[in-house]
Amino acid sequence: MQAQRKTRLLIVAMILAGVSISAVLALLSLNENINLFYSPSQVHAGEVPADATIRIGGMVVKGSVNRNPDNLEVSFDLTDTAKVVTVVYNGILPDLFREGQGIVASGTMQNSRFVADQVLAKHDETYMAPEISESIKAAHDRQPEESDY
Amino acid sequence: MTSHYTGSKNHTPTPGQTRSFRIWFHRFGSSSYFYHMASRWGPRAGWLALILMVTGVYMGLFVAPPDYQMGDSYRIIFIHVPSAWMSLSVYVLMAVSSAIGLIWKMKVSFCVSRACAPIGAAFTFCALVTGSLWGKPTWGTYWIWDARLTSELVLLFLYVGYMALDKAIPDRNTASRATAVLALVGLVNIPIIHYSVEWWNTLHQGSTVFRMDGPSIDARMLVPLLITTVAMNLYFVSVLFNRVRCELLDLERRTQWVRKIVNG
């Protein structure tokens, strides 16, 4: 009876090992396709397929948001702290869209600008009370040499 | 050492079998022992869950401060995050008890995994729906096919597939073994869900609580989150015990101890 139990234990272990190995191999080979968006650096390195609808993600550069006063058109720079891509978008931005915020835009590259048809805000993992955020901002303003991103 | 330990036998260990873990393991393998233990602790866990849930939700809605960016819409975290955690841990329990059932041929263990499936599916569904409702105001969309959302949806399909497979096979023993293998195969999805936000870039944010440098959440928000998490765990225990009791009564309906309960 002991021996049979050991065999069954071995079978269970083999199922787990086999499934894990095949999952790792499948995920490694799919790696590029599972990523939701390209970074501005990948766009500059030419890793992005031309004329295809893609998503790019990054931080909105502070002071780069230009709104057209007559319509909903807006343009802003997107960065991954290394490279910058200019995004143009015609539509309503999500509430969380602001300078310094992470966003994901889908659209196409046209003449080295990214023309977006959808802009989504990416929320980070920090949850803070407003008054604490205010005091951090105040402390940050006293030391203006900190990074802009 | 005896290999089958079902039915109402007496639980005194033989002198050669005094290791406490072995005794504990075999007691839990006994249907009548598990049934009576579950009848005793299930309702208590349920009442405690209710008290903690009311406390946690009250604190989450009225005591915790609003978020500096999202305002009040973040408060869905107190339901969304515990449900998502439960959806993963219930699956792990389902797979572990399936493995124990396969290796030691323990019937109680199969009953536990069968009872886990619908509860886990409910938690997964709840996590997906609350996340989607939060995603619209925060991200700007109800749904996106990123790695975290997609793998959580796969988890829902695994639970539903488990239940469908279980219902499709009339013979109880065959069904138990087939679903156990499915549960083990699906186990590979659990680390994928957990690490999806680290391995790939996703719209879903990274972990807030389980971080190397400590939780990045205000303590007044973290406390109600932990309270609702404990409440959902207790709720799970309570519902699981009820379902396992039903499974055991059905499984052992011809035995003496069940007849005794049914006839009063």
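How many salt bridges does the rule find across the interface of chain B and chain A? It finds 0, a salt bridge being a side-chain nitrogen of Lys or Arg within 4 Å of a carboxyl oxygen of Asp or Glu. The model is predicted, so that local features need pLDDT of at least 70 and side-chain atom pairs count only at pLDDT 80 or more, while totals for chains, interfaces and linings use all residues. Residues are numbered from 1 along each chain as its sequence is written, chains are lettered from A in the order in which they are written, and side-chain values use heavy atoms, with hydrogens and water left out.

**View 1. The interface of chain B and chain A.** In this view 47 residues of chain B are in contact (heavy atoms within 4.5 Å) with 39 residues of chain A. The two chains bury about 3700 Å² between them, 62% of it on carbon and sulfur atoms; buried area is the accessible area (1.4 Å probe) that two parts lose on being put together, summed over both. Across this interface the rule finds 13 residue pairs in polar contact, both residues at pLDDT 80 or more, where a polar contact is a pair of N or O atoms within 3.5 Å and, within protein, one must be able to donate a hydrogen and the other to accept it, residues adjacent in sequence counting only if both atoms are side-chain atoms.

View 2. Helices H3 (77–104), H4 (107–139), H6 (172–186) and H8 (219–251) of chain B are the elements that give two or more residues to the side touching chain A, helices being DSSP runs of H or I with at least four residues and strands runs of E with at least two, numbered from the N terminus. H3(B) gives the most, with 5 residues.

**View 3. A salt bridge within chain B.** Asp166(B) forms a salt bridge with Arg114(B), the closest N and O atoms being 3.0 Å apart. The pair links distant parts of the chain, with Asp166(B) in helix H5 (residues 147–168) and Arg114(B) in helix H4, 52 residues apart.
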